[in-house]
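Please look over the chain shown here and follow how a handful of its residues are placed.

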Amino acid sequence: MITRTELIAYIDEQLEVSRFQDYCPNGLQVEGKPEVNILVTGVTASQALLEAAVEHNADALIVHHGYFWRGEAPAVTGIKYQRLKMLINNGINLIGYHLPLDAHAEFGNNVQLAKILNIEMDGFIAGTGEPAIGFRGKLTTPQTLEEFSSHIACQLDRKPTIIAGHDRLIKTVGWCTGAAQGYIQQAAESGLDAFISGEASEQTTHLARELGIHYIAAGHHATERYGVKALGEHVALKFGLQHYFIDIDNPV
């Protein structure tokens, strides 16, 4: 068991939260019980994940996609009211980490995705923020686009959307989990053969073809499952907590 304050202070320090200018608050978003023994983690603080946290008698819920995003309507009504009501009535601390969890060198979504896909990291893509959240690396064995996309589908249990940009073998890869399709130009300017993110926009197709780089949309949710899970496993082991990672299916 650990106090809420101690848990959040530890994670804030590990993820170097103060280094990031983010679109939402990182750390405690909704206050619950003062002590934490049962921890649930998941990608997004949806109603389904909240219900699962209640079923597991969670004291705290750590997510990658929490609440109170920049530009979000401030009124506590409708879905927002129902979600906050469930958290408060059950004394569950909602703790969210967005960009700091994308970038972290051990628990980060990008590092964890590289492990899952067996990509050897060798640096960052220039122009992807400060600290950088766009990573680059190489495949141990060059692959065709078909081979690499099949590997991704197998590892993530989701068929990716593929946009071909050339006919060469893939040797070098860039990636940034979630909705980072906007970094495709930076990836191409870095001379990479392929770029992976979670989603694709209409213009992504044209950019990939004209820039001569393969683009692979492997799923926003699918690419961001692994960071929060790794973080939860780490703090559970360090502080002797019960931990449950709940994966709420999301095809996007």
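## Loop residues and overall form

N57 is exposed, with a relative accessible area of 54%, where exposed means over 50%, buried under 20% and partly exposed in between, computed with a 1.4 Å probe and protein chains only. N57 sits in the loop that runs between helix 2 (47–55) and strand 5 (60–65), and its phi is near 55°, a positive value in a residue other than glycine. The model is a predicted one, in which local features need pLDDT of at least 70 and side-chain atom pairs count only at pLDDT 80 or more, while totals for chains, interfaces and linings use all residues. Residues are numbered from 1 along each chain as its sequence is written, and side-chain values use heavy atoms, with hydrogens and water left out.

**The protein as a whole**

The protein contains 10 helices and 13 strands, these being DSSP runs numbered from the N terminus, with helices (H or I) of at least four residues and strands (E) of at least two. Its radius of gyration is 19 Å, close to the 18 Å that the globule rule gives for 252 residues, so the protein is as compact as a globular protein of that length; the radius is taken over C-alpha atoms, and the rule is 2.2 Å times the number of residues to the power 0.38. Along the principal axes, the C-alpha atoms fill a box of roughly 55 × 40 × 30 Å. Of the 252 residues, 52% count as buried. Where contacts (heavy atoms within 4.5 Å) join residues at least 6 apart in sequence, 67% of them link residues at least 24 apart.

**Selected loop positions**

| Residue | Relative accessible area | Class |
|---|---|---|
| N26 | 18% | buried |
| A132 | 18% | buried |
| E16 | 40% | partly exposed |
| E106 | 43% | partly exposed |

Both N26 and E16 lie in the loop between helix 1 and strand 2. A polar atom of the N26 side chain lies 2.7 Å from the backbone nitrogen of H98, and, leaving aside neighbours within four places in sequence, the contacts of N26 include G96, Y97, H98 and L99. For E16, phi is near 50°, a positive value in a residue other than glycine.

The loop between strand 7 (119–124) and strand 8 (135–143) holds P131, and A132 is found in the loop between strand 7 and strand 8 as well. A cis peptide bond, with omega about 0°, joins E130 and P131. A132 touches A103 and F124 when residues up to four places away in sequence are not counted, and its C-alpha atom is separated by 10.0 Å from that of F20, although A132 and F20 are 112 residues apart along the chain.

E106 is placed in the loop between helix 4 (99–103) and helix 5 (109–117). Apart from its neighbours within four places in sequence, E106 is in contact with V111, Q112 and K115. The C-alpha atoms of E106 and I95, which are 11 residues apart along the chain, are separated by 19 Å.

Note on methods. A polar contact is a pair of N or O atoms within 3.5 Å; within protein, one must be able to donate a hydrogen and the other to accept it, and residues adjacent in sequence count only if both atoms are side-chain atoms.
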